[in-house]
Amino acid sequence: MSALLTIPVIVPLAAAALSIIAYGHRNIQRGIGLTAISVVLIDAILLLVRVEADGVQSVQVGAWAAPFGITLVADLFSSLMLVVSVATILAVLVFAIGQPGVDSGQPVFHPVYLVMAAGVSLSFLTGDLFNLFVAYEMTLASSYVLLTLGGRREQIRSGMTYVIINVVASTLFVIGIAWVYGATGTVNLADLSVKIAALPDGVQTALSLFLFLVFGIKAAIFPLFFWLPDAYPTARTPVTAVFAGLLTKVGVYSIVRTQTLLFPETRPSTILLTFAGFTMVVGVLGAIAQNDMKRILSFHIVSQIGYMILGLGLFTVSGIAGTVYFIVHQIPVKTALFLTTGLVEEGTGSTALNRVGGLIRRAPLVAGLFLLASMSLAGIPPLSGFIGKLAILEAGFSAQTYLVVGIALAVSLFTLFSMVKIWNGVFWGAAEDPPARLASIGPDSPLAIPAAMNGATIALVGLTLAIALFGGPIYELSERAAQSLVDPSAYVGAVLG
Amino acid sequence: MSVVTALVVAVLFGAGVYLLLQRTLSRIILGLALLAHSANLLLMVVSGPAGRPPIVGGFATGEQVADPLPQALALTAIVISFGITAFLLSLAYRSWVLNRNDEVEDDIEDRRIAHLAGDEISRWWRRTK
């Protein structure tokens, strides 16, 4: 059982080391990467089945007893996140291998990608506030490298902002950990859950809001999101896709985890709902103003984070269940959208709305994939986004927070509008100023896109359809995950024994 | 808790934030280093009063020992911030090689939108006058 919990972290790290040894041998590196992530995916599925059947699983790495040792914990929420994330990581890796120029000539791509995978897994599984910091640093340090890989000028420019913002956030995180430790004398999440409840109310609120601030920067919540639409679009598409799908969601995961587990008595509902409303509105308005697929979608990352915080801010089982389902739906959908952007870029050489056009005839498959993913993002029934939004909005209605529910509905409409804007610009109409690659191929001839890239995108869109098709069972799992989040006694019991 | 250490934390943090708000990359990186130092020192402050014996080496005889956990945390944080600072310096060097200056650049798209918005506002202003 302990292997199930440690494999998602250890296997990618060991594979990263092997991948460095195979430096320069691209095919060996590819084999190592694909094998390692596939192993982790199988492990994550087994872990989910196990947790679903037997409840919260935990292991003390190094055999030091609970509040002192390194604890790894998996409850339903974290194992659900792990399965979806690892599946997404695998699809993007296939896509990156298929896309010419991503890993060729960049021998560090594979090792760094694997370290990022290990970091993401660790941040879902850790049962320790300081190890969460270490997991973040693993993920972020590799994301810095992936973002600036190639060293082009605009990558360096936006990468600099990204690194600086995240280093500041990490420093604040260390300060937060120091305060938490100073107040309680422990950093173990389960132990903290018990000990924080004994602190004075003021201290609890201060710690809770400070941690919300720290994770809010990572999750790109209004007003801390400015770095995201600037930094993400400059990387290679597979890198942007995996960042878009995973990194902000790891931040949201940490917010949900800390707000429910560490501060069961502090419920800053109004504050969270206010930030959720602003995040949704500002994100979507930013998206409407853009003229490039990647930038529109980057602003949508921000906007959709608002929905997740909205569900959490209600602090009811149905609200948090909505958030859990919504994150599960968002990770593959957002990544799939960026991958279709990558297909468009690979086929035409640009993602600017006015430079590309008429792709519905030239690449009907890409158009179909984009249509499914974007309609799911906008929340058109019967796709997965509809189920997620419906769950959150219903929870909002029953909590009588009509204002923020109204805002969420309006934001959905604007989301649809900007998806239609991409559709009109890229798939319909004509290109005003076609880039060289698009101009060089004949007027109605199909685009040349490698099969692996298409395959990876189809797999992810298929995953989002499956999340809609099995909406009932997955929502039921989310509801059970939410119940154990609202009442963390099972989690605490499994760790402290 | 020693007042002097707490004051040093505050001064380091203040100086770090001041440097972070500058326009040149080298100062920003120095500012980040100072911020990291202040966070690590804060970990020392929360570990309890200074002067207690270490937990290993047989010095602790019946007395209270110094809390080793924050020291371990600080050590990890130091290593991480060391690595990240090295990466930042190499980024700054790359930026200097490409641009021949040390300034943080604006986002091009932001600048374009600010420009568009500026045009619209000035047009509206002319109309109302």
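In what order do the elements of chain B run from the N terminus on? Select chain B and follow it from that end: the elements run α-α-α-α, and the chain has four helices and zero strands, where helices (H or I, at least four residues) and strands (E, at least two) are DSSP runs numbered from the N terminus. This is a predicted model, in which local features need pLDDT of at least 70, side-chain atom pairs count only at pLDDT 80 or more, and totals for chains, interfaces and linings use all residues. Residues are numbered from 1 along each chain as its sequence is written, while chains are lettered from A and ligands numbered from 1 in the order in which they are written.

**Colour chain B by confidence**

The predictor's confidence in each residue, pLDDT, runs from 0 to 100; chain B averages 84, and 90% of its residues score at least 70. Among the elements of chain B, helix α1 (residues 3-20) has the highest mean pLDDT, 93, and helix α4 (residues 108-128) the lowest, 75. For the complex, the predictor gives an ipTM of 0.86 and a pTM of 0.91.

**Show both chains together**

Two residues are in contact if their C-beta atoms, placed from the backbone, lie within 7 Å, and by that rule 27 residues of chain B are in contact with 26 residues of chain A. On the chain B side, the elements that give two or more residues are α2 (25-46), α3 (68-99) and α4, with α3(B) giving the largest share, 13 residues. That side divides into 20 nonpolar, three polar and four charged residues; here Ala, Val, Leu, Ile, Met, Phe, Trp, Tyr, Cys and Pro count as nonpolar, Asp, Glu, Lys and Arg as charged, and the others, Gly among them, as polar.

**Select A:Ile177 and helix α6 of chain A**

Leaving aside neighbours within four places in sequence, A:Ile177 is in contact with A:Leu129, A:Phe130, A:Phe133, A:Val187 and, from the other chain, B:Leu73. A residue is buried if 20 or more other C-beta atoms lie within 10 Å of its own, exposed if 12 or fewer, and partly exposed in between, with C-beta atoms placed from the backbone. In α6(A), 23 of the 32 residues are buried, so this helix is largely enclosed by the rest of the structure. After α6(A) comes A:Gly185, whose phi is positive, near 80 degrees.

**Move to the strands of chain A**

Strand β1 (residues 57-61) of chain A pairs with β2(A) in the antiparallel sense over five bridges, pairing being called if DSSP finds at least two bridges between two strands. The bridge partner of A:Gln57 in β2(A) is A:Ala74. Four of the five residues of strand β2 (residues 70-74) of chain A are buried, so it is largely enclosed by the rest of the structure.

**Finish in the loops of chain A**

A cis peptide bond joins A:Phe222 and A:Pro223, with omega about -5 degrees, and A:Pro223 lies in the loop between α8 (201-219) and α9 (227-231). Another cis peptide bond joins A:Pro381 and A:Pro382, with omega about 5 degrees; A:Pro382 is found in the loop between α15 (364-378) and α16 (384-398).

Then select A:Phe315, a residue other than glycine with a positive phi, near 55 degrees, in the loop between α12 (293-314) and α13 (317-348). A:Phe315 is buried, because 20 other C-beta atoms lie within 10 Å.
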